[in-house]
Amino acid sequence: MSSGPSARDELHVPGSSELHLAVALDGAGWHPGAWRAPDARAAELFTARYWTDLVQEAEAGLLDFVTIEDALGMQSSKRDGGDDRTDQVRGRLDAVLVASRVAPTTRALGLVPTATTTHTEPFHVSKAIATLDFVSHGRAGWRAQISSRPDEVGHFGRRSLASQPSGTGGATTQPVAWELLEEAADFVEVVRRLWDSWEDGAEIRDVETGRFVDVEKLHAVDFEGRWFRVRGPSITPRSPQGQPLVVMLAHGSEVYRLAALGADVVFVTPHEHAEARSLVEAVREQEATIGRPERLRIFGDLAVVVDASPSVAVGRRDRMDELDGEPWRSDAEIFTGSVTALADLIEHWVGVGLDGFRLRPATLPHDLSVITAGLVPELQRRGLFRRGYGERELRARLGLIRPKSRYAA
Amino acid sequence: MSAGSSRRQVHLGVHFPGVNNTTVWSDPEAGSQIDFSSFEHMARTAEAAKFDFFFLAEGLRLREQGGRIYDLDVVGRPDTLTVLDALAARTDRLGLVGTINSTFNEPYEVARQFASLDHLSGGRAAWNVVTSWDAFTGENFRRGPFLPRELRYARAREFLQTARELWDAWQDDDVVADAATGRFLARADAGWFEHLGAQFGISGRFNVPRSPQGHPVIFQAGDSDEGREFAAAEADAIFSRHGSLSAGKLFWADVKRRLARYGRVPDDLKILPAATFVLGDTDVEAEERAAAVRLQQVSPRTAIAFLERVWNCDLSSYDVDGPLPAFDPAPIAGYAQGRANAPENPLATAREWRQLAEAEGLSIRELVIRVTARQSFVGAPRTVAELIDRFVQEDAADGFVLVPHLTPGGLDEFAKTVVPILQERGVFRAEYEGTTLRDHLGLQPARALGSPTLLSAP
Ligand SMILES: Cc1cc2nc3c(=O)[nH]c(=O)nc-3n(C[C@H](O)[C@H](O)[C@H](O)COP(=O)(O)O)c2cc1C
């Protein structure tokens, strides 16, 4: 996997374009047949080498960050439960741990693993992401995700989503999803409070008085909500970014609201230019009702099958559809075409007020290398994308401040 | 020195300096307890010295004393598994042992975290199963203080049993990933599990394929009778407190004796006491340094704080250079919170301490140093190497978990001076022979499900 020299090792030009690019990593890629692609590394999906190569390629392409998908259950072709397919990738490693494993092998790339809010402990997630921020020197983020899957409920056995419907989709799922979203809002709030529970400068190491910390700068978070109480403070000191980046994928106004309340970045899934504009407006509308200190960053999600030549891309997609036995579907728009056409689309859509894009490569490593070695240089030529990493910390690169602890006087 | 193929081999791990007063943070050489570079330094030092493993402890709530966060010791630590995973990128062979509690976690998540660490480290993961159950810690978690003390091992046993079922839900060759035939999985039910027990009722599919070691190495650290029985049935190694020659021998004999009941032999369970050390060019110099370190570890305020944890009240008006309080401790608990080793019987402890202080004419600070801060090994490198070897040859230990008092350089001198002598004596590896932690510890491959467990034992 190599990318053009123009993408590497050049100095950051201050004030150059603001377009942000992220890549979503998941198994062998987002197409269910991706693992059968000629250059897929399907037998290595559970090795450190595989993930290290992917993130190093993403970093060579100067990408802002990668997200890493995760779930507390097996992948499935069905929405509401398991399947018994043996012809698709099954199994995955813990995303936070993948991120921490690759952190020391990169220097500037943001690392944004997924962790669910439904079955986990806010206290554990908070310190895990804070620790990722320490081991990556300020490049950590967290993609907060709810889980309404009944199979995952069975893996924990500690809650009954009593109103869990057996059918797929439909209005009956609303109460459950609503509860899970409310819980997620509380969860994110607790995680963020815990990140603030050590003020900067709490560690004083005052030999004179024998005090290691200034206890006035350590704070209980005393959260009490419907789903949990958490006392705090965190056991982990405030991390380099103070508040690691929180991101969410959102498909509707409830989640836009949740994102406006608790996230720094939201991923939306427009299918065309006009929809991109209306989604940005819908997010901004939710944002306006909340009143945030900083503007929510909005990324458009696109699934991509991309090559230098459009016919090669179309051919690859057809071939993978054929291998998998059905056409690939996705919640996000699936772009199939040339590097130039993808750059055109990005240039066009970014005009509606998107801050950037998260690209979901159909296959790994192929589509990722086309992004880093083809798309990135093309966007650079157009003056749309940076020519070097400037800020090393993830928040700073996205133009977000490092907030003071909410408990600081 | 005769190369001793017949001599029992020493196992060594290093414990990253923790949040009690063993760790001297006031020393000019003391570095960060949280920056990744500190973990990296110590882990790489250990690996260069061919250590078996790097060990991280855990405590899920900041300690308090007298209703305030305790500020005299190091405060603040990372998430255990996240740091160990990052260290996997900076080391190749070193075992990575994480302490994770079985009370405020769920088996599906913990099993997948350790399986992930094992994959991402190429077979170097170990889990130190601890059972801290206290209500104080519980206040940070969803279920709150839910577990009565007497159920801590019932939950731990079933937790580990369940985790083993999850790890065994995948066979070694379940991932085929054969693009030509389109078969990713060898069988449609890879990962299927069902566990119905008193503590956990879960079923479904575990989503991490079998890891290089099959099961991570299991450590255990509780000291009660139940804790020892749990270790005898289930653990591959014990992190113990019994570091003196006599106490070590008693503990060793007690725990190894329990193994037969589970169809296990003495070599199946390694006993690794925690050990502190101070080195010097000569034994005399080491003794002098050790005395100075003890004074750093037990500052006047720390001495009073120790006493307060036994007497359960504010003793700040006492003179550390004077005698112990003449009155008996109040029969209340909870003055100090968040410690794994709170005295079980404060009254007895107080009387014991007072007697000792009177008999030997010790002040408060001298007494606290005497009862809490004696280093395990003090001497010139050769003296320390000989002592370590002797403990192992005389069945007081299978090796040690060294606890340096300085972060991050506290292992440097040991690695440079003591390890070569152990190697010269033929009791410590000069090169890693295998790649996994199981290899280093000389353990059997992971036991298959259905082997003896405490669920069916007395
Ligand atoms: C040497 C040693 C180290 C321990 N380290 C920890 C630790 O890091 N975290 C923790 O929660 N408990 C720790 N413990 C506590 C025990 O693991 C155990 O869970 C607790 O003491 C209750 O079990 P017991 O009654 O059998 O001792 C440690 C115990 C020993 C003996």
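A residue counts as near the ligand here if one of its heavy atoms lies within 4 Å of it. The model is predicted.

**Stop 1: the ligand shell.** Select the ligand and display what surrounds it: 17 residues, the closest being E58(B), S132(B), R152(B), A221(B) and S224(B). Colour this shell by residue class and you get six nonpolar, six polar and five charged residues.

Stop 2: Then go to T131(B), where a backbone N or O atom lies 2.7 Å from a ligand oxygen. At D223(B), the distance from a backbone N or O atom to an oxygen atom of the ligand is 3.0 Å.

Stop 3: Colour 11-172, 183-282 and 374-441 as domain 1, and 299-371 as domain 2. Their centres, taken over C-alpha atoms, are 30 Å apart. Domain 1 of chain B brings 14 residues to the contact and domain 2 of chain B brings 16.

**Stop 4: the domain interface.** About 1,300 Å² is buried between these two domains, with 44% from carbon and sulfur atoms. On the domain 1 side, select Q65(B), L72(B) and R374(B), which supply 37% of the area that domain 1 buries against domain 2, more than any other three residues.

**Stop 5: charges across the interface.** Which residue forms a salt bridge with E344(B)? Select R149(B): the closest N and O atoms of the pair are 4.0 Å apart. The count between the domains is one salt bridge, along with six residue pairs in polar contact. The side of domain 1 that touches domain 2 has three nonpolar, four polar and seven charged residues.

Note on methods
Residues are numbered from 1 along each chain as its sequence is written. Chains are lettered from A and ligands numbered from 1 in the order in which they are written. This is a predicted model: local features need pLDDT of at least 70, side-chain atom pairs count only at pLDDT 80 or more; totals for chains, interfaces and linings use all residues. Side-chain values use heavy atoms; hydrogens and water are left out. A polar contact is a pair of N or O atoms within 3.5 Å; within protein, one must be able to donate a hydrogen and the other to accept it, and residues adjacent in sequence count only if both atoms are side-chain atoms. Ala, Val, Leu, Ile, Met, Phe, Trp, Tyr, Cys and Pro count as nonpolar, Asp, Glu, Lys and Arg as charged, and the others, Gly among them, as polar. Domain bounds come from an automatic or database domain assignment. Contact means heavy atoms within 4.5 Å. Buried area is the accessible area (1.4 Å probe) that two parts lose on being put together, summed over both. A salt bridge is a side-chain nitrogen of Lys or Arg within 4 Å of a carboxyl oxygen of Asp or Glu.
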